[in-house]
Amino acid sequence: MLVEEFRGFLGGERGLASETLRCYGNHARAFLTWLPQPVDVALAELPAGLVTGYVVEYCRGRNTESAKAMVTALRSLLRFLHVTGRVPGSLVGAVPAVANWRLAGLPRTLSAAQVEALIGGCDTGSVVGARDRAVLVMLARLGLRTAEVAALQLEDVDWRSGQILIRGKGNRIERLPLPQAVGEALAQYLTGTRRVGASRSAFLTVRGRPPRPLTAMAVRQIVARACARAGLPRLGAHRLRHTLASDLLRAGNSLPQIGQVLRHRSQLSTAIYAKVDTARLRDVARPWPRRG
């Protein structure tokens with residue numbers, strides 16, 4: 001009940017996307033379950049040290065991205081608990097930051113052959129295969145996030161003008177040109193194998209009735225299954241986004257242009273791709289000083 005109230009608060013006050021609400025809700029449930037019972041008593045007496053201890057215990061053995069997601073959700077939960085009077089004071093400061101140096105690493109990408117193997121492994125003669133191929137083509141050719149693919153509606157594709165509407169992070173709505181490869185994959189799925197239902201979502205489940213819209217988690221699972229078919233280790237869907245950005249850079253596009261395609265709010269988010277263009281970096285690198 002408390003988790004649902006928290007999700008409702010986030011949805012109403014901050015307008016977060018459904019996938020974000022699901023993620024925050026899961027982290028909130030895990031923290032509340034971890035607390036001593038009964039929960040209302042534990043919250044009323046919640047010490048800062050217990051919060052810090054939970055973070056340390058959770059982060060042990062997990063990667064940076066998982067730890068950062070939990071920390072963000074926990075801080076949001078603690079603000080909600082304080083605002084609603086369930087904890088006596090603000091405990092946000094008790095949540096330690098996750099050590100992470102921005103731009104420290106290189107974006108990991110796939111080769112053109114690996115991308116084609118992911119896409120080409122789908123059986124387009126089946127309902128699942130045609131749907132999955134359309135999903136993978138959108139991820140690879142438009143650099144979409146999983147939640148953006150899941151949020152696509154039938155009316156978001158303007159076939160006449162050759163544009164596609166993207167429902168992005170923070171409720172941002174933007175239009176992108178519709179590449180031919182994406183249009184063909186979508187048309188094959190939508191006109192050939194997509195199940196008929198009342199939902200206006202473009203991508204629907206195959207099992208169960210009535211068919212339901214795919215979730216961002218389901219899109220990630222599509223990528224995982226494609227990796228298995230292609231003989232690749234399990235990769236995140238974001239790897240395709242990194243690959244597109246790196247390919248655009250190597251083709252001569254500028255960082256601001258790539259930021260527009262990926263719909264980054266900040267140029268800092270795009271700056272990491274400057275490090276993969278070794279040819280240009282070689283031109284600006286200063287010679288190493290010689291001794292003597």
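These notebook entries record what I looked up in the predicted model.

**Ground rules.** I number residues from 1 along each chain as its sequence is written, and my side-chain values use heavy atoms, with hydrogens and water left out.

**Strands.** I took helices (H or I, at least four residues) and strands (E, at least two) as DSSP runs numbered from the N terminus, and I called two strands paired if DSSP finds at least two bridges between them. Strand β1 (residues 157-158) pairs with strand β2 (residues 163-167) in the antiparallel sense over 2 bridges, and there I found Val157 opposite Ile164 in β2. The hairpin of β1 and β2 has 4 residues between the strands, and in it Gly162 takes a positive phi near 70°. I then followed β2 to strand β3 (residues 173-177), with which β2 pairs in the antiparallel sense over 5 bridges; Gln163 stands opposite Pro177 in β3. In this hairpin of β2 and β3, with 5 residues between the strands, Gly170 has a positive phi near 65°.

**Helix α6.** Which residues of α6 (residues 112-120) are buried? I list Val115, Leu118 and Ile119, where buried means under 20% relative accessible area, exposed over 50% and partly exposed in between (1.4 Å probe, protein chains only). Seen down the axis of α6, these buried residues fall within an arc of 95°, so they line one face of the helix; the arc is that of the directions from the helix axis to the C-beta atoms. The face turned away from the buried side of α6 carries the exposed residues Ala113 and Gly120. The buried residues of α6 pack against α7, α10 and α11 (238-250), with contact meaning heavy atoms within 4.5 Å.

**Second largest pocket.** On a 1 Å grid over the protein atoms alone, a pocket is an open set of points where a 1.4 Å probe fits, with protein on both sides within 12 Å along at least five of seven lines, and lining residues have an atom within 4 Å of a point. I noted for the second largest pocket a lining that includes Val128, Arg131, Leu214 and Arg225. Two or more lining residues come from each of α7 (127-142) and α10 (216-230), and α10 gives the most, with 3 residues.

**Cis peptide.** Gln37 and Pro38 are joined by a cis peptide bond, with omega about -5°, and I place Pro38 in the loop between α2 (18-34) and α3 (39-44).

Notes
This is a predicted model: local features need pLDDT of at least 70, side-chain atom pairs count only at pLDDT 80 or more; totals for chains, interfaces and linings use all residues.
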